[in-house]
Every structure is written in structure tokens, then in C-alpha cells.
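This report describes a ligand site and the strand pairing of one protein. The sequence and the structure are shown below.

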Amino acid sequence: MSYQNILTDLTDQVLLITINRPDQLNALNRQTIEELNKALALADVNRDVRAIMVTGAGDKAFVAGADIKEFAAFSVEEGQMLSRAGHKLLFDFIENMSKPVIAAVNGFALGGGLELAMSCHIRIASETARMGLPEVSLGVIPGYGGTQRLAQLVGKGKALEMIATADFVDARDALQWGLVNRVVAADALLAECRKMAARMTRNSPAAIAAAYRAVRAGYESSSSGFEAEIREFGTCFGTVDFREGTSAFLEKRKPTFEGR
Ligand code: COA
């Protein structure tokens with residue numbers, strides 16, 4: 001299978017997926033999401049794959065978010081569809097996979113990028129990684145599971161702070177807050193992820209899948225929160241603030257929000 005926006009490499013039962021749009025800081029456009037879905041779906045049924053690693057190409061970004069250029073002119077309905085399709089094809093898809101998925105967070109993980117890392121089962125960050133959900137600075141909200149998964153990982157208090165300030169968190173704070181499992185030197189990141197993945201490949205795939213199903217079952221009551229997120233994300237696309245926020249990003253200036 002050949003892809004335009006991702007690279008795949010299967011070595012020693014570990015599939016490495018690299019999101020490969022470094023000139024756009026690996027922003028997630030529709031095509032990239034579809035390609036990731038294809039690669040992950042194939043990996044889930046391939047008995048030669050026992051663990052998966054996801055990273056970003058280049059040394060600057062894991063993923064700098066959903067592709068703002070692609071969605072800036074969307075309507076309320078299109079916004080809602082974007083969010084729903086993303087949940088189904090990528091974010092819920094990864095969380096529900098039967099094989100462990102490790103995010104190797106090698107730089108900026110912002111918006112959809114942090115949401116991607118959070119939907120992976122494990123996050124290992126390089127010392128240079130910076131993470132945040134800056135959507136409200138664009139007049140929109142996290143729409144790929146971030147309102148739910150951030151609170152699950154760091155607790156409601158820190159999640160509400162990170163979302164409202166749009167601040168970026170460095171790797172050390174992320175580790176302290178439980179947002180990432182480990183922090184390692186940038187040049188050791190992939191090797192460390194591989195070492196962890198190798199330990200997983202020695203264990204029973206059926207038992208890992210069963211244990212992951214059991215862990216997920218404990219979080220099922222949050223599904224109405226995900227529905228609310230999809231609805232609210234779409235609503236943002238009808239606001240003056242969203243037009244201003246995305247225009248300001250594209251015009252490389254600071255936004256002035258009116259609150260409507
Ligand atoms: N969507 C689309 N394009 C993006 C992007 C995104 N989320 N993030 C970065 N890019 C593009 C930039 O537009 C730029 O493209 P251009 O050269 O065609 O103008 C390129 O990637 C490099 O980014 P740039 O902003 O020049 O790099 P920087 O080092 O000055 O800043 C960031 C890095 C990550 C701080 C900045 O790119 C940023 O704030 N990105 C958006 C983050 C965000 O809000 N994500 C949530 C989206 S919902």
C-alpha cells in the first residue's frame with residue numbers, strides 16, 4: 001500500500017507510522033486522516049503487527065493540529081461532519097484498537113495533534129515536545145476528543161485551565177501532570193518507543209486486547225461528552241469569532257474577538 005502523506009515501516013512486529021507533511025508541521029488534513037485510518041485498519045488485522053508507533057516527520061512537530069487552511073471556510077454542518085468523521089476514522093479508531101499504539105511525540109503536539117497523541121494508548125515525549133489545545137484562540141473548541149480525553153488524563157481542573165488559556169505545556173510539566181508517560185532525549189525518542197514496543201510484542205496479543213477492552217469499558221459513560229463535543233464544535237463554525245480566529249491565523253496576525 002502506498003500513501004501520499006504518511007510513511008510506514010514494519011520491523012520486528014512493530015509498525016512505525018510517520019505523518020509526513022513537515023512543511024505544514026504535519027497538520028492533519030482529510031487525506032492524512034483517511035490514510036492513517038487505512039494503515040491502522042490494516043495493522044489491526046495483520047498478525048505480523050504486535051504494536052504500533054505514531055510520530056511526525058522532521059524535528060519540529062509531531063502534529064501542529066487539524067489543518068486550519070482546510071476548515072477555515074466550513075459551515076456549521078461541515079464543522080460537525082469534520083469532527084464526527086475524525087472521531088470515527090482516527091481518534092476513536094485508535095483508542096478502540098486491539099493492539100497497543102504508542103505516540104512518539106517529537107515536537108509540537110497542538111490541537112488535533114495532542115488529541116491524536118491522547119487517543120494513542122501510550123505517550124512518550126521528547127524533551128523538546130510542546131503540547132496544548134489552542135483551539136479557543138481560533139474561535140473553535142477541541143473537536144477530536146480533546147474535551148474528554150484531556151480531562152481523563154490530567155483531571156478536570158488542569159484540562160479547563162489548558163483549554164481556556166490555550167497555553168502550551170512543556171514535556172516536564174506534561175510528565176508531572178500525567179499527560180505523557182515518559183520524557184526522553186530527542187535523539188533517543190524512537191529507540192525508547194521501540195524498546196517499550198518490543199516488550200509488548202513478547203506478551204499475549206489476545207490478553208492485551210482483552211485488558212484494553214476492560215479498561216475502555218470503565219470509561220464508557222463519557223460517550224455523551226463526546227457527542228456534546230461534536231455538536232459544540234460544529235456550532236463554533238457559525239460564529240463571528242471563528243471567522244476572525246481562522247482569518248487571523250491565515251493572515252498571520254493576532255485575532256480580535258467579539259464574543260459572538
Ligand atoms: N493547519 C494548517 N497549517 C499549519 C498548521 C495547522 N494547524 N500549523 C502550522 N501550519 C503551517 C503554517 O501555516 C506554515 O505554513 P506556510 O509556510 O504555508 O505559511 C507552516 O505550517 C509552518 O508553520 P509556522 O506557523 O510558520 O511555524 P512557526 O514555527 O512560526 O509556529 C506553531 C509554529 C506550531 C506555533 C504555529 O504553526 C501554530 O500556531 N500552528 C497552529 C497551531 C494550532 O492552533 N493548532 C490547532 C488547530 S485546531
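Which elements each supply at least two residues of the shell around the ligand? In this predicted model, they are helix α2 (68-71) and strand β6 (108-110).

**The ligand site**

The ligand has 18 residues around it, of which Lys 60, Ala 66, Ile 68, Lys 69 and Lys 252 come nearest. Divided by class, the shell comprises 10 nonpolar, two polar and six charged residues.

The space that the ligand takes is the largest pocket.

**The four-stranded sheet**

Strand β6, which supplies residues to the ligand shell, also belongs to an open sheet of four strands. The strand order in this sheet is β4-β6-β8-β9, and the pairing is mixed. At the edges are β4 (61-63) and β9 (169-170), each of which pairs on one side only. Strands β6 and β8 (residues 130-132) run parallel and are joined by three bridges. Within this part of the sheet, Leu 110 stands opposite Gly 132 of β8.

**The β1-β2 hairpin**

Strands β1 (residues 6-11) and β2 (residues 14-19) pair in the antiparallel sense, with six bridges between them. How many residues lie between the strands of this hairpin? There are two residues between β1 and β2, and Asp 12 takes a positive phi near 50° in this hairpin. Thr 11 stands opposite Val 14 in β2.

**Summary**

The ligand takes the space of the largest pocket, with α2 and β6 each supplying at least two residues of its shell. The open sheet that contains β6 has mixed pairing, whereas β1 and β2 pair in the antiparallel sense.

Notes: Residues are numbered from 1 along each chain as its sequence is written. This is a predicted model: local features need pLDDT of at least 70, side-chain atom pairs count only at pLDDT 80 or more; totals for chains, interfaces and linings use all residues. Side-chain values use heavy atoms; hydrogens and water are left out. A residue is near a molecule or strand if one of its heavy atoms lies within 4 Å of it. On a 1 Å grid over the protein atoms alone, a cavity is a set of points where a 1.4 Å probe fits but cannot get out, and a pocket is an open set with protein on both sides within 12 Å along at least five of seven lines; lining residues have an atom within 4 Å of a point. A molecule sits in a cavity or pocket if more than half of its atoms lie within 2 Å of its grid points. Ala, Val, Leu, Ile, Met, Phe, Trp, Tyr, Cys and Pro count as nonpolar, Asp, Glu, Lys and Arg as charged, and the others, Gly among them, as polar. Two strands pair if DSSP finds at least two bridges between them.
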